[in-house]
Amino acid sequence: MPPSPCSSKSNRLPDITESAGDTLVYDREIFNIGSSDFILIDEVSENEEKNLKTYCKQIADKTKSAFKRKNIPKRLPFLQWWPTYATGDCIGDLLAGITVGLTLIPQSMSFAALAGLPPQYGLYGSFVGSLMYVFLGTCKEVPMGPTAIVSLMTYNTLKGRGPVYGTLLCFLTGVIQLIMGMVGLGFLIDFISGPVNAGFTSAVAILIVISQVKDIFGIRAVGSTLLDIVISLFKDIGNFRVGDMLLGSVCIVVILLLRMLALIHMGPENDCERTKVQRIINRTMWLIGTLRNSIVIIVTTFIGFLYVNSSGHDVTSNEMPPIPFKVVGKIPSGLPDFGFPKFSVMRDNGTTVGFFEMVSDMGSGVIVLPIIALIENLSICKTFSLGKPVDATQELLAIGLCNIGNSFFHAFPSTGSFSRSAVNAASGVRTPMGGLYSGILVIVALLFCTPYFYYIPKSALAAVIIAAVIFMVEIRVVKPIYRSKKSDLIPGLGTFFACLLLHMEIGILIGVGLNLISILYHAARPKLSIRVNTTRNGINYLMMTPDRCLIFPSVDYVRNIIIKHSLKQNLPVVIDCSHIYGADFTAAKVIELLTIDFSRRGQLLFFYNLKPSLVTVFEGVRPKDFNIRLFYESQDIDQLLNKHMIVNSTPVD
């Protein structure tokens, strides 16, 4: 039973004033000091000793269990749903797969341009990963392929070095993700909080929009930060093309209008109450709105075809046609050749760039990009999991193997896409098999449609990207964060501005750093509950209760609070260790100094509810005058204080 607070008026604590960061309640004789946002609990058994042999045995057991027969369906998830796959599932997946495929083809070409690569490389990364995810993925809504965020990070990582570097980056991304999955490093994404993720996503969306302005105006611009891109745009703004600007602007407006069309519903809110005609009209409007990108690309391609033919331009030449807007140009037909990524490349001067030099050229993006791709994919899985747990390890293995497979077909990194996942879910996908039909549609496009891709206007592809990413700016989360916890805006806004003004990988690291600083601050400022209690014999004492573990960032703060109030009240002090489940060497040394300080003053200091494991830690430094008694009842405190008062002739207050 917890000790009761003193009810005598004479035993009330006097008024105490503290700094603004402390929370105090005077009239109830209890006040709280520090932060209560985090409570750190060590769940390891008290009597279990961890050593190297124990950890090695655990790793061996975990590895052995991974290859057990019962765990095979966990690593090959298609074995779980394939035995019950029915005709209705096949029809639903077919319709969803075709719908997603028609969205994927124009998007992948646009994202390739965003990554600074020829459009066909987006298509190369849109079929192998989709096919592999059918067997390895856990979320039926995820369609693998290029995405806006990963494409922009690819552009910043490659720095214009071309497809060979892009393929190597794809391979390394897959290898890193695969290794992370094998050793269980999926927990790393927990260090990227919601506000940091929102700030990063919003900054990337703005960067993508600004980077695509060059194709809307038909000018040239380069740069990896907002300032670089804006300066580059202004330098070439005098060469803008009216045709590109008009066509691109019209495409953006049309795409947004068609997007609104997909949200319109005729008839009652409940679908069951609508007539057959209303359901057909609603379905048609939804389908038109969903396929808005494909519709715009098809129409503008036809316009480009008419313009090029009317100009008499020879499409077999490498020169661009003399028309008012820029077009994509020649795209190689057929599937890409299968081959390993190149681990070295020849320079124009005949020298060879080795593997390590290539990796060094790409910089920190090689490490950051796989993590960002994982975050994007897991966010989709959590969104569509309906509260069910997400197997982060399996998703790491899945997208890692998908990227490795993509690299053998000269693709750049890919992951799951939010926009296409929404289309997939709305189209009624039943299983991951929908990715099979999307991948087949991309293969068909590569085999038979590439001659027509020549006429696609670049401004139309830019319009597809801009219309897709403007909704990624997460303004809507600012108010909930502000209402919930204002301090969370600091890492969110810090990440947002850092990603805009600096390189993205530096920006995300700054956001993670701000989060860690916040966590460390709260760990270093635990909450202390301080009461004046009275024994049955009328002896007053201070009961101080820390709310978490004593570790090196917080122990000096706790010690100062204990000394401050023990000197002010001049009462015996009992530290309630009920919530302290862990301590370290630094804490033990500080406790030693604390006990010596109390001993010199002749003031009593006791530890209540101290775990045996903590006794071992504290006794490891052999502190003097360490009054250890493992008692768990308030009556024991009364007896101990009475005994010491008699022995030491301590006057009663």
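How many cavities of 30 Å³ or more does the structure hold? There are 2, and here are some notes on them and on a few other spots.

1. Ground rules. This is a predicted model, where local features need pLDDT of at least 70, side-chain atom pairs count only at pLDDT 80 or more, and totals for chains, interfaces and linings use all residues. Residues are numbered from 1 along each chain as its sequence is written, and side-chain values use heavy atoms, with hydrogens and water left out.

2. How the spaces are found. Rolling a probe the size of a water molecule over the atoms shows where empty space is left. On a 1 Å grid over the protein atoms alone, a cavity is a set of points where a 1.4 Å probe fits but cannot get out, while a pocket is an open set with protein on both sides within 12 Å along at least five of seven lines; lining residues have an atom within 4 Å of a point. Grid points are joined across faces, edges and corners, and a volume is the space filled by probe spheres set on the points.

3. The largest pocket. It comes in at about 1,100 Å³. The lining runs to 41 residues, and F418, S419, A422, A468 and M472 are the closest to the centre. Split by class, the lining has 24 nonpolar, 12 polar and 5 charged residues. Here Ala, Val, Leu, Ile, Met, Phe, Trp, Tyr, Cys and Pro count as nonpolar, Asp, Glu, Lys and Arg as charged, and the others, Gly among them, as polar.

4. The largest cavity. This one holds about 60 Å³ of space. Its lining is made up of P546, L550, V555, V558, R559, I562, I575, V590, I591 and L594. Helices (H or I, at least four residues) and strands (E, at least two) are DSSP runs, numbered from the N terminus.

5. About 30 Å³ of space sits here, lined by L152, Y155, N156, L207, S211, G223, S224 and I229. The elements giving two or more residues are α7 (148-158) and α9 (194-217), with α7 giving the most, 3 residues. By class, this lining has 4 nonpolar, 4 polar and no charged residues.

6. Helix α13. Its 20 residues (292-311) should span 28 Å at 1.5 Å a residue, and the end C-alpha atoms are 29 Å apart, which agrees; the expected span is 1.5 Å times one less than the number of residues. Buried in α13 are N293, S294, V296, I297, T300, T301, G304 and V308. These cover an arc of only 150 degrees around the axis, so they are on the same side of α13; the arc is that of the directions from the helix axis to the C-beta atoms. On the face turned away from the buried side, I298, F302 and S310 are exposed. Buried means under 20% relative accessible area, exposed over 50%, and partly exposed in between (1.4 Å probe, protein chains only). The buried residues pack against α4 (87-114), and also against α11 (242-262), α19 (450-453) and α20 (458-469). Just after α13, G312 takes a positive phi of about 70 degrees.

7. Helix α22. Its 13 residues (489-501) should span 18 Å at 1.5 Å a residue, and the end C-alpha atoms are 18 Å apart, which agrees. L489, P491, G492, T495, F496, A498, C499 and L500 are its buried residues. They pack against α9, α10 (226-236), α21 (478-484) and α23 (504-524).

8. N282. What does N282 touch, not counting residues up to four places away in sequence? The partners are I264, H265, M266 and R274, where contact means heavy atoms within 4.5 Å. N282 is in helix α12 (residues 276-290) and counts as buried because its relative accessibility is 7%.

9. Two positive phi values. Most residues other than glycine have a negative phi, and most peptide bonds are trans. K159, not a glycine, has a positive phi of about 55 degrees; it is in the loop between α7 and α8 (163-182) and counts as partly exposed at 47% relative accessibility. N570 also has a positive phi, near 55 degrees. N570 lies in the loop between α24 and β9 (573-576) and, at 60% relative accessibility, counts as exposed.
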